Amino acid sequence: MSKINYSIVDVFSQGKYTGNQLAVFKNAGNISDHEMQQIAKEVNYSETTFILSNAIQDKGYDVRIFTPNEEVPFAGHPTLGTAHVIQNELLEEPMDKLLLNFKAGQIPVVFDNQDEVIWMKQNEPTFGQVLEANKISEVLNINKEYIDNQFPIQEVSTGLPVIIVPLKSLEAVKKVRINKEKYFELIEHTDAKAIMVFCPEAYSSENDVNVRDFADYYGVPEDAATGSANGCLASYLVKYRYFEKSEISIRVEQGYEIKRPSLLFLKASDENGRISVYVGGKVEKIAQGEWFL
């Protein structure tokens, strides 16, 4: 019986057993697509990653990402968690910067050892269709008045598209209960298969924004911490001058409703329509072991 090594980490952690769980499989190039998908379903975290080789390829490390339901071209917490495993388990000497090769492109990751924060630079965002508040309120099961109509409901992507929905208050965020029938009707007509709601209020006074992310399509009813979607949110916030600034550096909390409190750091700037996006967070190692194939 063959076997493969794996590690489990908590990403965007505020300490052990917080943040978003991730399983990282090492030297996985000989595993078939079908078996990767089966493993991801068995693990049943929002994402599982497979480092195809423990050696550098094309200046970076080739990585594939699977949700319980399908492979995705990019995702945020798998980027940081996988980089942490490479840095601490595969390298003989730590590096300040790594490159990860995903289907969506090459993503640079930087280690800030002083603050123990890992940062990724996401792809330049694209902004897609604007959606109607009436339809979205039905999907979210909330009154349309809870949606902040000063800003659009819009699809945004830095590699994996998401629908960004501005809400007025933390009370509104707490009230969201996804109507699955309406949700699946909606995403038949959108590139984005996930919905992120946000508001300018937070459980903790230290934080600037509270968010929730829903992605039943991927087998993730609600995500504890969503790095890719938060990168899209950062892009949205500077594009529409949500904080009346073209540059932001903020703290975002997520996962409180599902008892997995998470903390993400977002930096973004809009210079003449070119938006740069960075998402950071802390990673905590939880376990490692062998998986029998």
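This is a predicted model: local features need pLDDT of at least 70, side-chain atom pairs count only at pLDDT 80 or more; totals for chains, interfaces and linings use all residues.
I began with the join between the two domains: domain 1 and domain 2 bury about 2000 Å² between them, and carbon and sulfur atoms give 58% of that area. Buried area here is the accessible area (1.4 Å probe) that two parts lose on being put together, summed over both. In domain 1, I found that Phe 12, Gln 14 and Trp 119 lose the most area to domain 2, together 29% of what that side buries.

Residues are numbered from 1 along each chain as its sequence is written, and side-chain values use heavy atoms, without hydrogens or water.

Next I looked up the bounds, which come from an automatic or database domain assignment: domain 1 is 3-121 + 282-292 and domain 2 is 126-278. Their centres, taken over C-alpha atoms, lie 24 Å apart. Domain 1 brings 25 residues to the contact and domain 2 brings 23, with contact meaning heavy atoms within 4.5 Å.

Then I turned to charges. I found 1 salt bridge between the domains, a term that needs a side-chain nitrogen of Lys or Arg within 4 Å of a carboxyl oxygen of Asp or Glu. Arg 260 also forms a salt bridge with Asp 10, their closest N and O atoms being 3.3 Å apart.

Last, I sorted the side of domain 1 that touches domain 2 by class: 12 nonpolar (Ala, Val, Leu, Ile, Met, Phe, Trp, Tyr, Cys, Pro), 3 charged (Asp, Glu, Lys, Arg) and 10 polar residues (the others, Gly among them).
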